[in-house]
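Here's a quick tour for anyone opening this structure for the first time. Have a look at it, and then we'll go through it topic by topic.

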Amino acid sequence: MLKIAGILVVLAVIAFCLLAACGTKPLRRGLIASSFVSTARPTLVFTPVSGFKPDASGLTDVSPEADKGFPSARAWYAVYSGGNANAAVLEATESEAVPLPLPGERARLVFLLSEVTHETWKWDMDVRPASPSLRAFSDSIGPLNFEEATFVLSPGFQAGDPRLPIDPFDGLFTDPGQPWRRGSLVRRYTALPEIQRVKIIIEYREPLPAGFDAATPDVQDFLPLDMLLAFERRAHAAFTLAGAVPDNAAETIQTPLSPPEGFSRRALGAMLGLLRSLGES
């Protein structure tokens, strides 16, 4: 009799676990309309202001540089192009306090979330861009704390490696053109949630103004302060970040695609930076 009772208890536990599993919502990441949504930790919704349209989004494995060993990570991304972003910025701020870009200028947004595939790795605390940066400071946006920096992004390839592009996303944008060939002014926001096991990078980009070129040595030192301040205000107004996701988000997220042929995972790994094994400083 006791044996039968024990079997019934085991069966009841199994049934409860199955019911709990059936009631658990799947954890997913990807686009819903133009927003990037994560139902996995950290839960978030990244939404560009109207005027920005998604050019591409996807999911890929990446092997960043590491202090030792050969770790891997998974990276979800979404890239956006905007036409003249004036209306978008005005809509976001509900005022004309944010200086507008020049008429006809375009803007770009990049959202990147990368998670280590094993708990023995974490992202390095040093999140400074590879390029010399200006006006770096910390700020809170939505549910996360970010390190922010402004820098100039050169087009083309890494010095010493003509096959490794500087910008892994350059070929995904739908707005190529002469203004981007002189380089981009970038405001980058970087966060390390989940005990540094997740790295989030958000970038707002505009073409360098006429008269400036990324090929000029130390070009960032010649950019007027008032121009930088106006650019950073536009960057901050170009998107929102929320921590609450819709109840049906997991069912409506688009399945991320693999990157197109020619996408450089090496360049993406270089952009993401260093991974450290746990126990290392």
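Let's start with a residue tucked away inside: Arg187 is buried, at a relative accessible area of 1%. Here, buried means under 20% relative accessible area, exposed means over 50%, and partly exposed is in between, using a 1.4 Å probe and protein chains only. Bear in mind that this is a predicted model, where local features need pLDDT of at least 70 and side-chain atom pairs count only at pLDDT 80 or more, while totals for chains, interfaces and linings use all residues. Residues are numbered from 1 along each chain as its sequence is written, and side-chain values use heavy atoms, with hydrogens and water left out.

**The chain as a whole**

- The protein chain has seven helices and 13 strands; these are DSSP runs numbered from the N terminus, with helices being H or I of at least four residues and strands being E of at least two.
- Of its 281 residues, 45% count as buried.
- Take the contacts in the protein chain between residues at least 6 apart in sequence: 74% of them join residues at least 24 apart. A contact means heavy atoms within 4.5 Å.
- The protein chain exposes about 14,600 Å², and carbon and sulfur atoms supply 58% of that. Accessible areas come from the Shrake-Rupley method with a 1.4 Å probe, and for residues only the protein chains shown count as cover.

**Salt bridges**

- Side chains of opposite charge can pair when their charged atoms come close.
- A salt bridge here is a side-chain nitrogen of Lys or Arg within 4 Å of a carboxyl oxygen of Asp or Glu, and the count comes to 15.
- Back to Arg187: Glu232 forms a salt bridge with Arg187, with the closest N and O atoms 3.5 Å apart. This pair links distant parts of the chain, since Glu232 sits in helix α5 (residues 225-237) and Arg187 in strand β10 (residues 184-191), 45 residues apart. Glu232 is buried too, with a relative accessible area of 8%.
- Helix α5 also holds Arg234, which is 28 residues from its partner Glu206 in strand β11 (residues 198-207).
- Arg29 forms a salt bridge with Glu115, the closest N and O atoms being 3.0 Å apart. Arg29 is in strand β1 (residues 29-32) and Glu115 in strand β6 (residues 107-116), 86 residues apart. Arg29 is buried at 6% relative accessible area, whereas Glu115 counts as partly exposed at 27%.
- Arg106, Arg108, Asp170 and Asp175 are linked in a network of salt bridges.

- What counts as a pocket? On a 1 Å grid over the protein atoms alone, with a 1.4 Å probe, it is an open set of points with protein on both sides within 12 Å along at least five of seven lines, and lining residues have an atom within 4 Å of a point.
- The largest pocket holds about 800 Å³ of space; grid points are joined across faces, edges and corners, and a volume is the space filled by probe spheres set on the points.
- Its lining has 43 residues, of which Pro129, Ala130, Ser131, Ala270 and Met271 lie nearest the centre. The elements giving two or more residues to this lining are β9 (144-153), β10, β11 and α7 (265-272), and α7 gives the most, with seven.
- The second largest pocket has a volume of about 280 Å³. Among its 17 lining residues, Met125, Val127, Phe146, Glu147 and Thr190 lie nearest the centre, and β9 supplies the largest share of the lining, five residues.

- Which residues of α7 are buried? They are Ala267, Leu268, Gly269, Met271 and Leu272.
- The buried residues of α7 pack against β4 (52-62), β5 (73-82), β6, β7 (121-123), β10 and β11.
- Just after α7, Gly273 takes a positive phi of about 95 degrees.
- Pro132 lies in the loop between β7 and β8, and touches Thr150, Phe151 and Gln220, not counting residues up to four places away in sequence. The C-alpha atoms of Pro132 and Thr150 are separated by 8.7 Å, and these two are 18 residues apart along the chain.
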